[in-house]
Amino acid sequence: MAISSPSSLLVSLLALLSLNSLLAQKVIYLGKDNFTQTISDGKWLVNFDSFDDIQPLERSQDFTALASEWGLRYGPNTPKNVTFGLFNCNDSSDICSKYKASETPAFLAFSRGELFDKIQSPADKDAISGLANKLFQHYNSNYASNVVLHADTFPQFIKNGTWFIKFYSPKCGYSRRLAPHWVKMTNFLHEEAKNNGIRFAEFDCLAESTVCNKQLVDGYPTLFLYNNGTQIEEYLDVNEFDSLVQYYQKIKKRFPVASDKQSIDSSPAQSTSAPITTKPSSTESSPTQPSPTSALKVLDKNKFDDLIKEKPIFIKFFSPTCSHCISLAPNWIKLADELKGKVDVYEFDCLADSDFCNKNNISGYPTLRMVYNDQKVDYMAEREVALMKDFALKTTLSDISILDKPTLIEKFDSGNSMFIYVKGSTNTADFDLFKHTKDAMMKSLSGNLFYQTNDLELEKLILKESDPKTPKLVALQDQKFYIYKGEPKDSTIISEWIKIHKSPLITKFDSKSFWRVAYSGNYMVTLILPDDNKSLERNSAFDPVLDAAKEYKTSQLSKSGIKADFYWTTISELTKVQRSISATDFAKLPAVAIRSTDTGKFYSYLDANDHIKLDKGSILSALKLAFEGKLFDQSDANKQNNNQNKNKNEKAADLKVDIPNEKIPEPISTEPKKTESSSFFGKVFSFFGYIIAISIIIFTVITLYKKYARNRGSFLPIYKG
């Protein structure tokens, strides 16, 4: 065997390093140990080659160049997201033999881990590109959560089923801002939406403007809803994840999934690349059926009112076409068996009777709900049998939680309400108080908020100066403990007291829960606290905010049709939600700010100089100004102050004159003063005034024309980004 010279080895080493550097940018090197797992998700185009030195760099240039083109940020193939990989058959001949890649280089296309197609050498760049496009079209039609549409595929895709489509430009800032919310929404809802005959798609108007013009897209991004090829309406709500999900729920009710017959009778001329909306057969997709001996019961809607008057029942509202419902089915059957004799467990098929589910405000599947009389509590945690069982037993008071200090601290810090039965140092329960408290808790379905303790140290921590010897009922609400002092033998009075303290008047949010509440109202009155509260003592800043919340609910402001909710958070969590905010934006902490849903900003100034004060009057005044759009944030205040300082400086400059030592009165003129002609700036302002007036007239005419052309009864701005 010939011995390579040091210089040739160095050249080979540098060439390999160059290869790895190049491949690391565009092509992913796949090893024998991670090959199967890596390609199991998404779309992969893999170059199977055999090499010991720099050979793949020479004969795989077309493959590498194509990977670079597909990776260009604004290239025509940007949305396609095909991943390019390289596998060395010298590392594992078994893998190459498995896929019959005996002659290298070979180019194999994989869709979700399955071999889709391949081409053998010799293959030029056009052939490889054709294989990549073919792979994309296959994945796009069958598996994509967000279908990429083009001019040639647009009509055939949208002519069947319901489509929610985003028309965008990759260079538009507003389109980029929407992108993460759109991707999150499509990934989150894809399986359920597809089962309900709804698909999500996007169309790049920068690449193919003809379709966008034909669809009357005159701004980016524009979101249109289509049903069976007909444009129904434009989505005009906030371009945020929560609002998009809420709109999907409305679509689902408006366009229920097609029946089997309707799906089968679809046009035979339909392209095989376009997805066909069908309802899966009952044998394929219906949830696991309970055995005859199972404790799970099917809810009879005609007996529903009588059932919920007798005792609490736990119901699963589901759709047999919903993948999450199918996954939950075996656990729900097991839960019913484990709760047998304690809590009755039911299920109801909303696809079979959507009217009943709509009547009960079921907006998504599955919905797990405990119902008793006119009370209801939805289960929102993980769908594990142990967790669902714990929720059912505690809500129905079949199992009462014992309070410990970590739980108390967690509930206090979270701002959630809870009720505690304190036995006292005598350790003898007041039977009347305990019995009627349980009855009251059951009536309001608040058992999951009920705890008891006989820990003397914990009782002293809760009761403070009160006598810890006798049993007491205590509520924790808005980080404050309240002791029940009413009649212990009257469950009705106790029920009323529980209703008062069951829900916090001001709700805590953090960076994780913010997006669940951010769009529930028009304004968020927010108390901002420092991060240093380590004790079970409520910050005194709560008091004026609570007073303002109580007065707002009965004031004329609350009846104006504009909704305001009250919240609290810490400064560290607020800065995670809105990074432009810092503690220096406030005169001091605690502080109050009001967030507008329309602008997404937090406003903390009454005017350019004064912050919203921590008193009831100032908070309510600020809320009124918010309704009128007159509040200031930090940037508004800075601009206003800069303008005021500029005006002061200009006036001071105008007033600078030489003052003589002796004041000599000027002679009084009897001639009338001559009015000066308009200044140059006045003429300029007049000119721009005419331009603005003409622009408004043109805008109005175009908007009216757009409304008439769309024939959908809603106005659309000329430019949206």
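Residues are classed as buried under 20% relative accessible area, exposed over 50% and partly exposed in between (1.4 Å probe, protein chains only). The model is predicted: local features need pLDDT of at least 70, side-chain atom pairs count only at pLDDT 80 or more, and totals for chains, interfaces and linings use all residues. Numbering runs from 1 along each chain as its sequence is written, and side-chain values use heavy atoms, without hydrogens and water.

The protein chain has 26 helices and 25 strands. These are DSSP runs numbered from the N terminus (helices H or I, at least four residues; strands E, at least two). Of its 721 residues, 44% are buried.

The structure holds 17 salt bridges. Each places a side-chain nitrogen of Lys or Arg within 4 Å of a carboxyl oxygen of Asp or Glu.

One of them joins Lys 576 to Glu 573 (3.4 Å, N to O). Both sit in helix α23, three residues apart, so about one helical turn separates them. Lys 576 is partly exposed at 47% relative accessibility, whereas Glu 573 is buried at 16%. Helix α23 spans residues 571-577 and also contains Ser 572, which is partly exposed at 29%.

Other pairs span the sequence. Asp 353 meets Lys 301 at 2.6 Å, N to O. Asp 353 lies in the loop between β13 and α15, and Lys 301 in the loop between β11 and α13, so the bridge ties together parts 52 residues apart. Asp 353 is buried; Lys 301 is partly exposed.

Lys 616 and Glu 551 form a further bridge (2.8 Å, N to O). This pair links helix α24 to helix α22, 65 residues apart.
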